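Open the model in your viewer and keep the selection tool ready. We will go stop by stop.

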Amino acid sequence: MTAEQPPGRPSFWSRLPVIRQLQQSVGLQRGMLIVGLTICAIFILTAIFAPLIAPYGFAQLRDAHGDFGAQDPPGGKHLLGTTVGGYDVLSRVIWGAQTALLAILVAVTLSVFLGIVLGVVSGYIGGWLDRILVVIADAVYAFPTLLLAIVSAIIISQGQSNLFGGILAAGLSITVVFIPQYFRVIRAEAVRIKSEAYVESAKVVGTGIIRIMFRHVLRNATRSLPLIITLNASEAIFTLAALGFLGFGIEPNSAAEWGYDLNKSISDVTSGIWWTSIFPGTAIVLVVVGVTLVGESLNDLADPRLRTRRRASRVPSPGAAVAVVPGATLDDVLSGDALGIVPNETEPR
Amino acid sequence: MKNVVEIRDLAITFATDGASVVAVDNVSLTVAPGEVLAIVGESGSGKTVTAKAILGLLPETATESGVVMLGANDIVQLSGKQLRAVRGVDVAMVFQEPSTALNPVYTVGWQIAEGLRAHGKYSRKQARAKAIEILGKVGIPDPETRVDYYPHQFSGGQKQRVVIAMALVLDPGLIVADEPTTALDVTVQAEILDLLRRCRDEFGAAIVLITHNMGVVADLADRVAVMYNGRIVEEADARTLFASPKDPYTQRLLAAVPKLGTGIAHTRERAAARPSTESAPVVEAKNLVIEYAGRFGRNAFRAVDDVSFRIYAGEVLGLVGESGSGKTTIGRSIVALTKVTGGSLKVLGQEMRGVRESQFKHLRSDIGFVFQDPASSFNPLLSIAECVAEPLVVHGRADDAGAARPRVNELLEAVQLPKSFGDRFPHELSGGQRQRASLARSLALEPTLLIADEPTSALDVSVQARVLELFSELQREFGFAALFISHDLAVVDLLADRIAVLYQGKLVEEGTGAEVLVAPKHPYTQRLLASLPVPDPVEQAVRREKLRSLQTED
């Protein structure tokens, strides 16, 4: 019993956020999480391997046999038909995943870092700095995302539509609106942790303020981040699609974009051409549902009161019978009596 | 005579994220009418779970087997609706923390009436009359007006009286009291124990008393069941159990309870060993005043009022007082966690009034601090070794936790923890082990002054005994001066060279253990001493009379 891992210590993999929850979950919650994770995995894989999966390029209008033809029904050369502009629907849907993923990445990375740093500083230092930041955050929070996205789309792209501009517009507007959310969550945690005994103990030792903020406060404040990130991600997709639908999105020759395709298919709906709108629409819904399912089940699993567990078996495992080590002495511990028992001694929260 | 409650072969298993845990294993108990049965045991022994099973209050994750006969009903088999009919009428519960057991947004009268309305038709007027009557019976003065008060308008002891009134209002045959006095001060505890005794004598209720405090057991119980690891290891009537405990666990438990008066000889010995040369004091407080700023338009709250004391090198000063007496505030002001607002406080020669962090920082390496709750005083994401190394790293004695490891191992050995525990995380240690690690951390820089703020109040008795022993050993070895803050006179008596008693922010008495504990001068100290229940039913009965005569004198 010297250098080996203490019993009950989970391996590195099972301590990772999502994987730990997956092992914890049972029943309906597990089902939800698995469905969500599967959809997300398909989405990400499609985005990464779009060039290999898609039969045609996103802006391709003709191949060796000539033009594709507009509004062809599904079947034959075009599995899901073609759009009014003569693009292949299947290829547009697959390439669109790439755009959506990029938008999520930009939005999340930009807002996470700024929101967290501001949250920790504001929560830990407090005082007038905290008040000002909270007021600003509230003001920004009241701003409609879409309006902001439209404005930033115009500013960034200067009226010229391209992949970079469109994604950045959606990403930036999400960032601005979501920073207050990260800020609020991290700040609330920081305020709570600030009064914990271990932070006071660090102060008593004479630890510097930066070290306290990042080593002691921030590391303990990140519990609810995975949840907000997933909610944030679905919001990013919505905004990108809405921008495209409203005509501020990305032109078809720069990138495939589900919102833009939906916009162009409005007139098709009344004339019985269903395939141009159903497929990009379904793609948006599926990704949002997938991401939300993951977020929702993470939320349930994070809360011990909402988490369902397997029923206790009548015959317990032998190590579990001992729940406490009253006054374990050094000798007990060395002989191994107390080891393996301690992990069971968890306080009810 | 028929038993009020009869438990046969009760077993309760909890589902957890890990393996399932057996909390109660094959427990059989009976309680006769008008009897007080105490269930004692340390945390995790299953005593609370057993008590909750009597009311059918177990959470969904629990699986029960066995029989709990309450009158003619088997609680284990009852449905939710049937349980509701039984609760309150046949059995009632008194909770540990009176301030959370009462709903803050309703008046106490309403909350008492709530129980009545659940079990019969009462008009508003009748319910109110009944509430007033019961409040009067549990000793709330002026019940006609106070029935309309909200919980926050009562003191802690009065709140517990209200909770007991709620339990008594339907005249149940059995009251389950789960640690009813743990959250209360010693002097208030004595009053509540008196009230519970009256519950039995005047209302004829049987009581199941759950507690870890052997003094409380000796004071109130007729019969005692000792639980350990979910099993009952010994069951006997109170006098027999305290006089001749049979089970080795009970013997150890009783031996670990600190008793008053044991520290005096020990103190004399230490005083003789200490060099008599009077050096400059390590801590010197002169007319110290600490105020917490009030809200706008209100006066500041004076937590510490005109307190003067000194701590010399190598000396242990015990600071005793009830909650709100300002003892923790004094401890925190010494390490600059709380601002000094008046008078003078010199720590290691540095005046603390108006001190800036930059002036004080270099002195921090000379001061150690042990916190009350070992569970929260470690960063849960750092290993024990990293936590203990933190002071060394911060003060530049080591570059990182890895470089500090040899020293950390030495420290862990000094507090009798195996080296390998350094790789564990705080939640993987038991309370006592964590508190030892906390001692190791506070000693890492070899401080000349150690502040210990109730270091053992969150621990079980037997663990407490070991930590206290360790503390005095370390003190001998390292020779630091210490301020030992506690609400428990017996604990302070074990360790301290001198004892200072605080009451409402004022220092009412200071002296050696022999002076303060044997011949207390101030009436408050006298009352405090008399209120402390001793773990011996015979002696406790005598002390109870003494306390009563003290109270009638007032």
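## Stop one: a helix in chain A

This is a predicted model. Select helix 10 of chain A: its buried residues pack against helix 5, helix 8 (163-194) and helix 9 (197-205) of chain A. Now show the side chains of helix 10, residues 209-221. The buried ones are A:Ile212, A:Met213, A:His216, A:Val217, A:Leu218 and A:Ala221. Look at their spacing. An α-helix has 3.6 residues a turn, so residues three or four places apart point the same way.

## Stop two: the nonpolar core

How many residues does the largest nonpolar core have? It has 257. Select A:Ala103, B:Val208 and B:Phe484, the residues with the most contacts inside this core. Then colour helix 5 (residues 89-125) of chain A, which gives the most to the core, with 19 residues.

Zoom in on B:Phe484. Leaving out residues up to four places away in sequence, B:Phe484 touches B:Val316, B:Leu317, B:Gly318, B:Leu319, B:Ala452, B:Val492, B:Leu495 and B:Ala496.

## Stop three: a six-stranded sheet in chain B

Select the open sheet with strand order 16-17-18-13-19-20 in chain B. Its pairing is mixed. Find the edges: strand 16 (367-370) and strand 20 (506-512) of chain B. Each has a single partner strand, so one side of each is left without a neighbour in the sheet. From one strand to the next, the twist averages 15 degrees.

Next, pick strand 13 (residues 316-320) and strand 19 (residues 498-503) of chain B. They run parallel and are joined by four bridges. Across this pair, B:Leu319 stands opposite B:Ala500.

## Stop four: a covered strand

Select strand 7 (residues 174-178) of chain B. Is this strand mostly covered or uncovered? Mostly covered: five of its five residues are buried. B:Leu174, B:Val176 and B:Asp178 point one way, while B:Ile175 and B:Ala177 point the other way.

Show the partners of strand 7. Strand 6 (residues 91-94) of chain B pairs with strand 7 in the parallel sense, over four bridges. Here B:Val91 has B:Leu174 as its bridge partner. Strand 8 (residues 206-211) of chain B also runs parallel to strand 7, joined by five bridges. There B:Leu174 stands opposite B:Ala206. Last, trace the chain from strand 7 through helix 8 (residues 186-203) to strand 8 of chain B: this β-α-β crossover is right-handed.

Terms used: Residues numbered from 1 in each chain as written. Chains lettered and ligands numbered in written order. Predicted model: local features only at pLDDT ≥ 70, side-chain atom pairs only at ≥ 80, totals over all residues. Core = buried A, V, L, I, M, F, W, Y, C linked by C-beta atoms within 7 Å. Buried ≥ 20, exposed ≤ 12 C-beta atoms within 10 Å, placed from the backbone. Helix = DSSP H or I, 4+ residues; strand = E, 2+ residues; numbered from the N terminus. Contact = placed C-beta atoms within 7 Å. Pairing = 2+ DSSP bridges. Axes fitted to C-alpha atoms, helices over the stretch in contact; angles between N-to-C directions. Right-handed = clockwise from strand over helix to strand, strands pointing away.
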